[in-house]
Amino acid sequence: MTLLEDLQWRGLLADCTDLAALTKRVAEGPVTLYCGFDPTGDSLHVGHLMGQLTLRRFQLAGHRPIAVAGGATGMIGDPSGKSAERNLLTPEQLAHNVAAITGQLNQLLDFHAAGNPARLMNNADWTAPVSYLDFLREVGKYFSLNVMLAKDSVKNRMEGEAGISYTEFSYQLLQAYDFFHLRQTVQCELQIGGSDQWGNITAGTDFIRKKLGTSAWGWTFPLITKADGTKFGKTEGGAVWLDPKKTSPYRFYQFFVNTEDGKVSEYLRKFTFLDRPRIEELEAVHAANPGPREAHKALAREVTRLVHGQAALDATLKASEILFGGSLDGVTEDIFKDIVGEIPTKGLERSRLVGPGLALTDLLVHSGLCPSKGQARKDLEGGGIYLNNVRTAEATRAVTAGDLLFGKYLLLRKGKRTYAVINTV
RNA sequence: GGUGGGUUACUCAAGUGGCCAACGAGGGCGGACUGUAAAUCCGCCGGCUUACGCCUUCGAUGGUUCGAAUCCAUCACCCACCA
């Protein structure tokens, strides 16, 4: 199976500017390709993984990937997929964000591969020095307003109430200029991106054809959705980030374990490097016996290892085994200590547990599991609270030193899978 | 600039003097079933309180009234039509 056939089998092709020609070109030898990442936040999230992983798939097949951090485009704001104008980031925020995501982009690609090492660039390097007048003469002249206005990203905003500023309207020119610059300086022939980037990518291929008279291709992959069609990568706590300080490896792993059955097959194909026989084997195992969730766990293991590494994965697996293994019997202090760092942990002065102890409702609020004492009481009465993995339904329950595990910890749980640890000091 | 309509809890959206902490839907959280899934069913969703109840909330500010989300005035923002 060729690379492009594999990508299509994985469902990673939404659209291609000329699939037949690209297929021919890829067969002839290594292609240089790029994918851009705008620094809209101080971390990438699981949605961004698709671009990074696809670059990596090309690299593994011998091609030359470039990850481009959007130091310039991030200053403008991409209107694609956005229903309203966004606030501009300050230069300080941008610099901070670029530094943060640059580190993350370094993880998934191989920058030392013999023959085709990955490269990391920042489009501010070639965009910032260009003067406004030069840009209008050298770039703007090649763009038809009619075509620009017809792009979905612009059209949707023109039709809606929010409108669009001249600044965001100009975004497609900047991205087109990136592609043009890379085509000219490093023979980059292909740009990949999510399907919402189609308009920006074709702006680039059109510009290259007009200005350079050479070929360039665009390839988009479908945006990931959940089974109910809502946005992928959001949880109660917000986005699932790649930064372990924002989303712990444990939560990251759990996010994938909790994938709906109907999506496991798709996610295995799109988020892992497992080969086709292995994925089909996992699908068969799951179909035969869905209870153990083997496919979900394989998915979660693979993605967690890719993003956080083997050591973090091991710790996460250990914590998950304990927390979802049922009883805490037989768990030693050393093993328990390992899970403390994996799930949200709050400190508590041990003196507060002496005598009558501390109301469990107060402890639930302190741990962050419940937003208020009233809610904590309702959760308790509803049977959704567990102390040291034992259901506790008395709203007036007090917690004393006698409840401590290993004389030091308390394990609180709300519902089936939300845990918190109290660490006494 | 003129005239009319609007601003309600996470979102949408009822409510036009007391029965309103405020219908309903979505969404969220819990429970049952199951498999840390989906679907379904049940409960809860401003705060404090064991409870009676108390406190804060319906764009902002002031007023009328025993009593206001509901009436009046002023202000702010949004929408529609006219100029």
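**Discussion of the model**

Modeller: In chain A, residues 24 or more positions apart account for 71% of the contacts with a separation of 6 or more. Please bear in mind that this is a predicted model.

Colleague: How many helices and strands does chain A have?

Modeller: Chain A has 19 helices and 15 strands. Its C-alpha trace spans about 80 × 45 × 40 Å along the principal axes.

Colleague: And what percentage of its residues count as buried?

Modeller: Of the 425 residues in chain A, 37% count as buried. The largest nonpolar core comprises 90 residues, and those with the most contacts inside it are Ala67, Leu299, Leu364 and Leu412.

Colleague: Which residues is leucine 412 in contact with, leaving aside its neighbours within four places in sequence?

Modeller: With those neighbours set aside, the contacts of leucine 412 are Leu363, Leu364, Ser367, Leu369, Leu387, Tyr419, Ala420 and Ile422.

Colleague: Let us turn to strand β3. Why is it described as largely enclosed by the rest of the structure?

Modeller: Strand β3 covers residues 64–69, and five of these six residues are buried, so the strand is largely enclosed by the rest of the structure.

Colleague: Which strands pair with β3?

Modeller: Strand β2, residues 32–37, runs parallel to β3 and is joined to it by six bridges; leucine 33 stands opposite proline 65 there. Strand β4, residues 119–122, also pairs with β3 in the parallel sense, over four bridges, and arginine 119 in β4 is the bridge partner of isoleucine 66.

Colleague: What is the handedness of the unit made by β2, helix α3 and β3?

Modeller: That β-α-β unit is right-handed, with helix α3 formed by residues 46–60.

Colleague: Now the open sheet of five strands: what is its strand order?

Modeller: The order is β9-β15-β14-β11-β12, with mixed pairing. The edge strands, each pairing on one side only, are β9 (345–348) and β12 (390–391). Within the sheet, β11 (385–387) and β14 (409–414) pair in the antiparallel sense over three bridges, and isoleucine 385 has lysine 414 in β14 as its bridge partner.

Technical notes
Residues numbered from 1 in each chain as written. Chains lettered and ligands numbered in written order. Predicted model: local features only at pLDDT ≥ 70, side-chain atom pairs only at ≥ 80, totals over all residues. Pairing = 2+ DSSP bridges. Helix = DSSP H or I, 4+ residues; strand = E, 2+ residues; numbered from the N terminus. Buried ≥ 20, exposed ≤ 12 C-beta atoms within 10 Å, placed from the backbone. Contact = placed C-beta atoms within 7 Å. Core = buried A, V, L, I, M, F, W, Y, C linked by C-beta atoms within 7 Å. Right-handed = clockwise from strand over helix to strand, strands pointing away.
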